[in-house]
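Here is a short report on one protein model. Keep the structure open and find each residue as it comes up.

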Amino acid sequence: AQSMALSRVQLVLSPVGTLFPVQGYHTSILIGKTEYVFGAKGVLRADGPQSHKALGYEDREYIDFGNRFVDVPSFESTLFPLFRAGTYDLLRKNCNSFSDAAVYFLTGHRLDRKYRQLEA
């Protein structure tokens, strides 16, 4: 397919403090240098992990899924409608829910449960 491109896929994680007895995380996905993150305004794109910087999270961890053939238009048309503006919920449908779906779409893996304990 013409829209397939080899891109490095990474999960970006920032610990955000504990909520209840659980460590919370802010997560986003990098496809190449483009960040995808879900929030109150739906899925946003940025150049690099801007959402982590904007939220003041200096501590970042990267989980590298290596280079993958990614069909970005298909990724966006599949996931964006599921994560529309106004559907964000801190406990039920948050940035980690999106990152889990994105990681699965892109790699066939799931986001480790420790990063999505609030949504479980």
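## A buried ring pair

Both Y36 and F75 are buried. Keep in mind that this is a predicted model. By the rule for ring pairs, the count comes to 8 aromatic pairs. Y36 and F75 form an edge-to-face pair, because their ring planes stand at 80°. The centres of these two rings are 5.1 Å apart.

Where do Y36 and F75 lie in the chain? Y36 is in strand β3, residues 34-39. F75 is in helix α2, residues 72-79.

## The aromatic cluster

Which residues do the ring pairs link into a cluster? They are Y36, F38, F75, F80, F83, Y88, F98 and F105. Y36 and F75, the buried pair from above, both belong to this cluster.

K93 lies over the face of F83. The distance from K93 to the ring centre is 5.2 Å.

## The overall fold

Now step back to the whole chain. The protein has 3 helices and 5 strands. Their order from the N terminus is β-β-β-β-α-β-α-α. The radius of gyration is 14 Å, close to the 14 Å that the globule rule gives for 120 residues. The protein is therefore as compact as a globular protein of that length.

The C-alpha atoms fill a box of roughly 45 × 25 × 25 Å, taken along the principal axes. How much of the protein is made up of buried residues? The share is 40% of the 120 residues.

## Salt bridges

How many salt bridges does a search of the whole structure find? It finds 4. One of them joins R8 and D64. Their closest N and O atoms are 2.6 Å apart. R8 lies in strand β1 (residues 4-19) and D64 in strand β5, so this pair ties together parts that are 56 residues apart in sequence. R8 has a relative accessible area of 41%, so it is partly exposed. D64 is partly exposed too, because its relative accessibility is 38%.

Another salt bridge joins D100 and R110. Here the closest N and O atoms are 2.5 Å apart. D100 is in helix α3 (residues 95-107), and R110 is in the segment after α3. The two are 10 residues apart, and the pair links distant parts of the chain. Is D100 buried or exposed? D100 counts as buried because its relative accessibility is 9%, and the limit for buried is under 20%. R110 has a relative accessible area of 49%, so it is partly exposed. The exposed class starts over 50%.

R92 and D89 also meet in a salt bridge, through their side chains. The distance from N to O is 4.0 Å. R92 counts as exposed because its relative accessibility is 67%. D89 is partly exposed, with a relative accessible area of 29%.

Which residues make the nonpolar surface patch? They are M4, L6 and F69. The patch covers about 330 Å².

F69 is found in strand β5, residues 61-71. D64 of the R8 salt bridge lies in strand β5 as well. Why does F69 count as exposed? Its relative accessible area is 60%, and exposed means over 50%.

## Far in sequence, and in space

P81 is in the loop between α2 and α3. P81 counts as partly exposed because its relative accessibility is 35%. P81 and G42 are 39 residues apart in sequence. In space, their C-alpha atoms are 9.0 Å apart.

N96 is found in helix α3, the helix that also holds D100. Is N96 buried or exposed? N96 counts as buried, because its relative accessibility is 4%. N96 and G39 are 57 residues apart in sequence. From C-alpha to C-alpha, they are 10.0 Å apart in space.

Notes
Residues numbered from 1 in each chain as written. Predicted model: local features only at pLDDT ≥ 70, side-chain atom pairs only at ≥ 80, totals over all residues. Heavy atoms only, no water. Patch = residues over 30% accessible without salt bridge, like charges linked within 9 Å, V, L, I, M, F, W, Y side chains within 5 Å. Areas by Shrake-Rupley, 256 points an atom, 1.4 Å probe, with all protein chains shown as cover. Helix = DSSP H or I, 4+ residues; strand = E, 2+ residues; numbered from the N terminus. Buried < 20%, exposed > 50% of the residue type's maximum accessible area, 1.4 Å probe, protein only. Phe/Tyr/Trp six-rings, centres within 6.5 Å; stacked < 30°, edge-to-face > 60°. Lys NZ or Arg CZ within 6 Å of the ring centre and 35° of its normal. Rg over C-alpha atoms; globule rule 2.2 N^0.38 Å.
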